[in-house]
Amino acid sequence: MNPDEKKRRAAEAAMEFVTDGMLIGVGTGSTVNHFIAALAAWRGRVSGAVSSSEASSLLLKQAGIDVADLNSVGGLELYVDGADEATRHLQLIKGGGGALTREKVVAAASQRFVCIVDDSKVVDVLGRFPLPIEVIPMARSLVARQLVKLGGQPVWREGLVTDNGNIILDVHNLEILDPPALESEINQLPGVVTVGLFARRPADVLLVAGDEGVQRIDR
Ligand code: 5RP
(Lines give C-alpha, C1' and ligand atoms only; values in the text may rest on other atoms or scores of the structure.)
Protein backbone atom coordinates (compact mmCIF):
# COMPACT_ATOMS: atom_id res chain seq x y z
CA MET A 1 0.00 0.00 0.00
CA ASN A 2 1.41 3.42 -0.85
CA PRO A 3 2.15 5.92 1.98
CA ASP A 4 -0.64 8.30 0.97
CA GLU A 5 -3.23 5.53 1.16
CA LYS A 6 -1.95 4.67 4.65
CA LYS A 7 -2.27 8.33 5.65
CA ARG A 8 -5.85 8.35 4.38
CA ARG A 9 -6.68 5.23 6.42
CA ALA A 10 -5.16 6.66 9.60
CA ALA A 11 -7.13 9.88 9.07
CA GLU A 12 -10.39 8.05 8.51
CA ALA A 13 -9.80 5.95 11.64
CA ALA A 14 -9.66 9.21 13.64
CA MET A 15 -13.30 9.88 12.71
CA GLU A 16 -14.18 7.34 15.41
CA PHE A 17 -13.32 10.05 17.97
CA VAL A 18 -15.55 12.72 16.41
CA THR A 19 -18.99 13.13 17.95
CA ASP A 20 -22.03 15.23 17.02
CA GLY A 21 -21.73 18.94 17.79
CA MET A 22 -18.02 18.74 18.55
CA LEU A 23 -15.63 21.65 18.04
CA ILE A 24 -12.44 19.97 16.82
CA GLY A 25 -8.80 21.03 16.88
CA VAL A 26 -7.30 20.35 13.46
CA GLY A 27 -3.58 20.04 12.73
CA THR A 28 -1.62 20.53 9.53
CA GLY A 29 -0.12 18.38 6.78
CA SER A 30 -0.94 15.82 4.14
CA THR A 31 -2.33 13.29 6.65
CA VAL A 32 -4.57 15.92 8.22
CA ASN A 33 -5.73 16.94 4.75
CA HIS A 34 -7.33 13.49 4.51
CA PHE A 35 -8.95 14.08 7.90
CA ILE A 36 -10.38 17.40 6.69
CA ALA A 37 -11.78 15.60 3.65
CA ALA A 38 -13.44 13.05 5.95
CA LEU A 39 -14.79 15.84 8.17
CA ALA A 40 -16.31 17.53 5.12
CA ALA A 41 -18.80 14.68 4.88
CA TRP A 42 -19.81 15.48 8.48
CA ARG A 43 -19.94 19.25 8.18
CA GLY A 44 -23.55 19.57 9.34
CA ARG A 45 -22.80 17.53 12.46
CA VAL A 46 -19.63 19.15 13.86
CA SER A 47 -19.95 22.68 15.21
CA GLY A 48 -16.64 23.79 13.74
CA ALA A 49 -12.88 23.64 14.05
CA VAL A 50 -9.93 25.46 15.60
CA SER A 51 -7.11 25.30 13.09
CA SER A 52 -3.35 25.10 13.59
CA SER A 53 -2.38 26.89 10.35
CA GLU A 54 -3.53 29.21 7.63
CA ALA A 55 -3.28 26.28 5.18
CA SER A 56 -5.65 24.09 7.20
CA SER A 57 -8.00 27.03 7.83
CA LEU A 58 -8.34 27.52 4.09
CA LEU A 59 -9.08 23.83 3.48
CA LEU A 60 -11.59 23.73 6.35
CA LYS A 61 -13.44 26.76 5.01
CA GLN A 62 -13.45 25.29 1.50
CA ALA A 63 -14.98 22.15 3.04
CA GLY A 64 -17.77 24.26 4.56
CA ILE A 65 -16.54 23.91 8.15
CA ASP A 66 -16.57 27.01 10.40
CA VAL A 67 -13.14 27.99 11.74
CA ALA A 68 -13.18 29.47 15.24
CA ASP A 69 -10.56 31.59 17.01
CA LEU A 70 -9.08 29.70 19.97
CA ASN A 71 -9.51 32.85 22.07
CA SER A 72 -13.25 32.79 21.59
CA VAL A 73 -13.81 29.19 22.65
CA GLY A 74 -13.11 27.27 25.84
CA GLY A 75 -10.95 24.17 25.74
CA LEU A 76 -11.33 21.58 23.01
CA GLU A 77 -12.33 17.97 23.51
CA LEU A 78 -10.31 16.63 20.59
CA TYR A 79 -7.23 17.53 18.57
CA VAL A 80 -6.27 15.50 15.49
CA ASP A 81 -2.86 15.96 13.89
CA GLY A 82 -0.08 14.09 12.12
CA ALA A 83 3.60 13.83 13.04
CA ASP A 84 7.00 13.46 11.41
CA GLU A 85 8.13 10.84 13.93
CA ALA A 86 6.37 9.04 16.75
CA THR A 87 7.51 6.60 19.42
CA ARG A 88 5.38 3.92 21.04
CA HIS A 89 5.38 6.18 24.13
CA LEU A 90 3.50 8.67 21.92
CA GLN A 91 6.25 11.27 22.02
CA LEU A 92 6.54 13.10 18.72
CA ILE A 93 8.61 15.22 16.40
CA LYS A 94 6.42 17.70 14.55
CA GLY A 95 6.95 20.78 12.43
CA GLY A 96 7.90 19.34 9.06
CA GLY A 97 5.18 21.61 7.68
CA GLY A 98 6.37 24.55 9.77
CA ALA A 99 3.15 24.80 11.79
CA LEU A 100 4.58 23.53 15.09
CA THR A 101 3.82 26.55 17.28
CA ARG A 102 0.10 26.71 16.62
CA GLU A 103 0.01 22.90 16.69
CA LYS A 104 1.50 22.89 20.17
CA VAL A 105 -0.93 25.57 21.32
CA VAL A 106 -4.00 23.74 20.02
CA ALA A 107 -2.71 20.43 21.43
CA ALA A 108 -2.25 22.09 24.83
CA ALA A 109 -5.83 23.39 24.70
CA SER A 110 -7.25 19.94 23.98
CA GLN A 111 -8.32 17.17 26.33
CA ARG A 112 -7.41 14.40 23.89
CA PHE A 113 -4.73 14.49 21.18
CA VAL A 114 -5.19 11.80 18.53
CA CYS A 115 -2.09 11.52 16.33
CA ILE A 116 -2.45 9.94 12.88
CA VAL A 117 0.56 8.50 11.05
CA ASP A 118 1.59 5.88 8.53
CA ASP A 119 3.90 3.19 9.85
CA SER A 120 7.06 4.76 8.30
CA LYS A 121 6.87 7.44 11.03
CA VAL A 122 7.21 5.08 14.01
CA VAL A 123 10.72 4.99 15.54
CA ASP A 124 12.38 3.67 18.70
CA VAL A 125 14.40 6.85 19.28
CA LEU A 126 13.40 10.30 18.02
CA GLY A 127 15.86 12.31 15.97
CA ARG A 128 16.32 10.68 12.59
CA PHE A 129 13.94 13.33 11.27
CA PRO A 130 15.62 16.74 11.69
CA LEU A 131 14.08 18.50 14.69
CA PRO A 132 12.23 21.70 13.61
CA ILE A 133 12.56 24.74 15.85
CA GLU A 134 10.69 28.01 15.29
CA VAL A 135 12.92 30.98 16.09
CA ILE A 136 12.42 34.75 15.89
CA PRO A 137 14.44 36.00 12.90
CA MET A 138 16.93 38.20 14.82
CA ALA A 139 17.98 35.25 17.02
CA ARG A 140 18.70 32.80 14.19
CA SER A 141 22.51 32.72 14.55
CA LEU A 142 22.48 32.94 18.33
CA VAL A 143 20.11 29.99 18.65
CA ALA A 144 21.99 28.02 15.97
CA ARG A 145 25.23 28.33 17.98
CA GLN A 146 23.49 27.06 21.11
CA LEU A 147 22.08 24.10 19.19
CA VAL A 148 25.57 23.18 17.97
CA LYS A 149 26.66 23.09 21.63
CA LEU A 150 23.85 20.59 22.26
CA GLY A 151 25.38 18.34 19.58
CA GLY A 152 23.07 19.14 16.68
CA GLN A 153 23.64 20.55 13.22
CA PRO A 154 21.05 23.29 12.64
CA VAL A 155 20.07 24.11 9.07
CA TRP A 156 18.04 27.24 8.29
CA ARG A 157 14.92 26.33 6.27
CA GLU A 158 15.54 29.20 3.86
CA GLY A 159 12.56 30.77 2.17
CA LEU A 160 10.08 29.63 4.80
CA VAL A 161 8.34 32.22 6.96
CA THR A 162 5.94 30.71 9.48
CA ASP A 163 2.34 31.85 9.98
CA ASN A 164 3.73 33.79 12.95
CA GLY A 165 6.40 35.62 10.92
CA ASN A 166 9.33 33.56 12.19
CA ILE A 167 11.94 31.21 10.71
CA ILE A 168 12.61 27.48 11.17
CA LEU A 169 15.89 25.80 12.04
CA ASP A 170 15.97 22.05 11.32
CA VAL A 171 18.40 20.33 13.65
CA HIS A 172 20.12 17.26 12.20
CA ASN A 173 21.98 14.45 13.93
CA LEU A 174 20.35 14.61 17.34
CA GLU A 175 19.82 11.29 19.09
CA ILE A 176 17.06 12.27 21.49
CA LEU A 177 17.34 9.92 24.44
CA ASP A 178 15.41 12.10 26.93
CA PRO A 179 12.79 13.97 24.90
CA PRO A 180 11.08 15.88 27.78
CA ALA A 181 14.45 17.12 29.08
CA LEU A 182 15.62 18.27 25.64
CA GLU A 183 12.25 19.92 25.00
CA SER A 184 12.63 21.96 28.20
CA GLU A 185 16.25 22.82 27.49
CA ILE A 186 15.61 24.09 23.96
CA ASN A 187 12.43 25.91 25.04
CA GLN A 188 14.53 28.02 27.38
CA LEU A 189 16.96 29.32 24.77
CA PRO A 190 16.28 33.04 24.20
CA GLY A 191 14.83 33.50 20.74
CA VAL A 192 13.21 30.07 20.53
CA VAL A 193 9.47 30.28 20.03
CA THR A 194 8.71 26.55 19.92
CA VAL A 195 10.63 23.30 19.61
CA GLY A 196 8.96 20.57 17.57
CA LEU A 197 9.34 17.97 20.31
CA PHE A 198 5.96 16.98 21.70
CA ALA A 199 7.09 14.99 24.74
CA ARG A 200 5.95 17.02 27.75
CA ARG A 201 2.45 16.93 26.24
CA PRO A 202 2.60 13.79 24.07
CA ALA A 203 -0.29 12.39 22.07
CA ASP A 204 -2.97 10.48 23.96
CA VAL A 205 -3.78 8.09 21.14
CA LEU A 206 -1.59 7.09 18.20
CA LEU A 207 -3.25 5.62 15.11
CA VAL A 208 -0.66 3.88 12.94
CA ALA A 209 -1.72 2.77 9.48
CA GLY A 210 0.19 -0.12 7.91
CA ASP A 211 -0.41 -2.85 5.37
CA GLU A 212 -2.33 -4.91 7.93
CA GLY A 213 -4.70 -2.10 8.98
CA VAL A 214 -4.71 0.67 11.58
CA GLN A 215 -3.17 -0.04 14.96
CA ARG A 216 -4.30 2.00 17.97
CA ILE A 217 -1.80 2.74 20.76
CA ASP A 218 -3.08 4.46 23.90
CA ARG A 219 -0.89 6.29 26.37
C1 5RP B 1 3.27 20.13 10.33
C2 5RP B 1 3.38 18.84 11.03
C3 5RP B 1 2.83 17.63 10.35
O4 5RP B 1 1.96 16.98 11.23
C5 5RP B 1 3.95 16.70 9.99
O6 5RP B 1 4.90 17.42 9.22
C7 5RP B 1 3.43 15.49 9.22
O8 5RP B 1 3.06 15.88 7.94
P9 5RP B 1 2.44 14.87 6.89
O10 5RP B 1 1.11 14.46 7.43
O11 5RP B 1 2.33 15.70 5.63
O12 5RP B 1 3.38 13.70 6.74
O13 5RP B 1 3.91 18.72 12.10
O14 5RP B 1 3.93 21.15 11.02
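Let's start inside: the structure holds 1 cavity of 30 Å³ or more. Here a cavity is a set of points, on a 1 Å grid over the protein atoms alone, where a 1.4 Å probe fits but cannot get out. This is a predicted model, so local features need pLDDT of at least 70 and side-chain atom pairs count only at pLDDT 80 or more, while totals for chains, interfaces and linings use all residues. Residues are numbered from 1 along each chain as its sequence is written, and side-chain values use heavy atoms, with hydrogens and water left out.

Rolling a probe the size of a water molecule over the atoms shows where empty space is left. The largest cavity has a volume of about 40 Å³, a volume being the space filled by probe spheres set on grid points that are joined across faces, edges and corners. Which residues line the largest cavity? Among them are Ser52, Ser53, Gly98, Glu134 and Asn164, where a lining residue has an atom within 4 Å of a point. Helix α4 (residues 100–108) gives the most to this lining, with 3 residues. Helices here are DSSP runs of H or I with at least four residues, strands are runs of E with at least two, and both are numbered from the N terminus. By type, the lining of the largest cavity divides into 2 nonpolar, 6 polar and 3 charged residues. In that count Ala, Val, Leu, Ile, Met, Phe, Trp, Tyr, Cys and Pro are nonpolar, Asp, Glu, Lys and Arg are charged, and the others, Gly among them, are polar.

Now for an open space. A pocket is an open set of points with protein on both sides within 12 Å along at least five of seven lines. The largest pocket has a volume of about 170 Å³. Its lining takes in 17 residues, and Thr28, Gly29, Ala83, Asp84 and Gly97 lie nearest the centre of the pocket. The lining of the largest pocket splits into 2 nonpolar, 9 polar and 6 charged residues.

Charged residues bring us to pairing. Side chains of opposite charge can pair when their charged atoms come close. A search of the whole structure finds 15 salt bridges, each one a side-chain nitrogen of Lys or Arg within 4 Å of a carboxyl oxygen of Asp or Glu. One of them joins Asp119 and Lys6, at 3.0 Å from N to O. Asp119 sits in the loop between β6 (110–118) and β7 (131–135) and Lys6 in helix α1 (residues 3–13), so this pair ties together parts that are 113 residues apart in sequence. Is Lys6 buried or exposed? Lys6 counts as buried because its relative accessibility is 10%, buried meaning under 20% relative accessible area, exposed over 50% and partly exposed in between (1.4 Å probe, protein chains only). Asp119, at 34%, is partly exposed.

Lys6 has a salt bridge with Asp211 too, at 3.9 Å from N to O. That pair links distant parts of the chain, with Asp211 in the loop between β12 (205–210) and β13 (213–218) and Lys6 in helix α1, 205 residues apart. Asp211 is partly exposed at 47%. Elsewhere, Glu103 pairs with Lys94, their closest N and O atoms being 3.1 Å apart. Glu103 is buried at 3% relative accessibility, and Lys94 is buried at 3%. There's also a network of salt bridges linking Glu5, Arg8, Arg9 and Glu12.

Next, the backbone. Most residues other than glycine have a negative phi. Leu90 is not a glycine, yet has a positive phi of about 70°. You'll find Leu90 in the loop between β4 (85–86) and β5 (92–93), buried with a relative accessible area of 0%. Asn173 has a positive phi as well, near 60°. Asn173 lies in the loop between β9 (167–172) and α6 (179–187) and is exposed, at 56%.

Finally, take a look at the surface. Ile136, Met138 and Val193 form a nonpolar patch there, with about 290 Å² of accessible area together. Val193 belongs to strand β10 (residues 192–195) and is partly exposed at 33%. Such a patch joins nonpolar side chains (Val, Leu, Ile, Met, Phe, Trp, Tyr) within 5 Å, from residues with over 30% relative accessible area and no salt bridge. The areas come from the Shrake-Rupley method with a 1.4 Å probe, and for residues only the protein chains shown count as cover.

Terms used
Patches are made of residues with over 30% relative accessible area and no salt bridge: like charges are joined within 9 Å, nonpolar side chains (Val, Leu, Ile, Met, Phe, Trp, Tyr) within 5 Å.
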